[in-house]
Amino acid sequence: MDITHERALVEQAKTDPAAFGEIFDAYYPKILNYTARRTGDATAAQDITAETFTKALRKLSTFRWRGISIEAWLFAIATNELRMYFRSQRHHASLEELQECDGFEPMADTDLHLELVEAQNHLERQHTFYRAQHILLTLPIKYQEVIALRFMEGKKISEIAVILKKPDGTIKSLLSRGLGLVRKRLNVQPNARRSIITPEGTKRI
């Protein structure tokens with residue numbers, strides 16, 4: 001989405017909930033895929049994604065353009081929701097709160113179902129991804145977050161820093177340490193490099 005259009009849309013959505021529908025349609029697939037890849041569970045991903053947009057709508061009036069895009073802001077909310085999910089392993093969000101907001105109507109249930117089926121099928125096709133995901137889930141959350149955002153979502157260091165609200169140097173350090181743990185679990189020699197398959201293709205670690 002063009003940054004000028006995005007900025008105007010966000011400002012409009014602060015007083016007109018119907019405008020939030022365009023934001024929802026633009027970023028829902030990205031957030032759903034992110035949560036699906038992190039959890040490996042389509043139902044949990046739907047719940048977390050729904051809660052992300054519910055909270056985004058509630059907090060939209062507080063959003064300010066201070067070097068962070070609406071996409072990064074949504075990823076930050078989703079990341080926080082994932083933290084709570086992994087801590088409790090119980091999450092009960094729904095899209096009903098969004099539907100109750102005057103003037104806002106998300107995609108039809110059929111479309112949501114198709115999105116979920118597509119995400120689940122995509123995960124099921126990636127057998128190597130499952131192995132990488134299993135290893136990722138054995139790491140501390142701080143390493144899971146930076147590795148997932150960098151290699152699964154293709155975010156730049158600067159973008160991850162904004163999403164996680166940490167300095168660039170800290171993100172680089174977390175990535176280095178996290179990948180070191182991944183290599184160890186894959187039984188890779190410290191100076192060796194190995195390719196892993198992510199949903200977007202082969203990545204070198």
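Predicted model: local features only at pLDDT ≥ 70, side-chain atom pairs only at ≥ 80, totals over all residues.
**Entry 1: Ile147**

I started at Ile147 and skipped its neighbours within four places in sequence: Ile147 is in contact with Leu136, Leu139, Met152, Leu175, Gly178, Leu179 and Val182. Contact here means heavy atoms within 4.5 Å.

Residues are numbered from 1 along each chain as its sequence is written, and side-chain values use heavy atoms, with hydrogens and water left out.

**Entry 2: the core**

Next I looked up the largest nonpolar core, which has 54 residues. The term covers buried Ala, Val, Leu, Ile, Met, Phe, Trp, Tyr and Cys residues joined through side-chain atoms within 4.5 Å. I use buried for under 20% relative accessible area, exposed for over 50% and partly exposed for in between, with a 1.4 Å probe and protein chains only.

Which members touch the most others? They are Ile23, Ile70 and Ile147. I then went through the helices that each supply at least two residues of this core; among them are helix 1 (3–13), helix 2 (20–39), helix 8 (141–152) and helix 10 (168–185). Helix 4 gives the largest share, 11 residues. Helices are DSSP runs (H or I, at least four residues), numbered from the N terminus.

**Entry 3: Glu145**

I moved on to Glu145, which sits in helix 8. Is Glu145 buried or exposed? Its relative accessibility is 3%, so I put it down as buried. Leaving out residues up to four places away in sequence, I find Glu145 touching Arg38, Thr79, Arg83 and Leu164.

With Arg83, Glu145 forms a salt bridge, the closest N and O atoms being 2.4 Å apart. By salt bridge I mean a side-chain nitrogen of Lys or Arg within 4 Å of a carboxyl oxygen of Asp or Glu. Arg83 lies in helix 4 and Glu145 in helix 8, so this pair ties together parts that are 62 residues apart in sequence. Arg83 is partly exposed, at 22% relative accessible area.

**Entry 4: the other salt bridges**

How many salt bridges does a search of the whole structure find? I get 6. The general idea is simple: side chains of opposite charge can pair when their charged atoms come close.

Lys55 pairs with Glu81, with 2.7 Å between the closest N and O atoms. Lys55 is in helix 3 and Glu81 in helix 4, 26 residues apart. I have Glu81 as buried, at 1% relative accessibility.

Lys155 and Glu71 meet at 2.5 Å, N to O. Lys155 is in the loop between helix 8 and helix 9 and Glu71 is in helix 4, so the pair ties together parts 84 residues apart in sequence. Both ends come out buried: Lys155 at 9% relative accessibility and Glu71 at 16%. I also noted a network of salt bridges linking Lys30, Glu71 and Lys155.

**Entry 5: Thr39**

Last stop was Thr39, in helix 2. Thr39 counts as buried, at 12% relative accessibility. What does its side chain reach? I find the backbone nitrogen of Asp41 at 3.2 Å. Not counting residues up to four places away in sequence, Thr39 touches Ala44, Ala45, Ile48, Leu82, Tyr85, Phe86 and Gln133.

Conventions
Polar contact = N/O pair within 3.5 Å; in protein donor to acceptor, adjacent residues only side chain to side chain.
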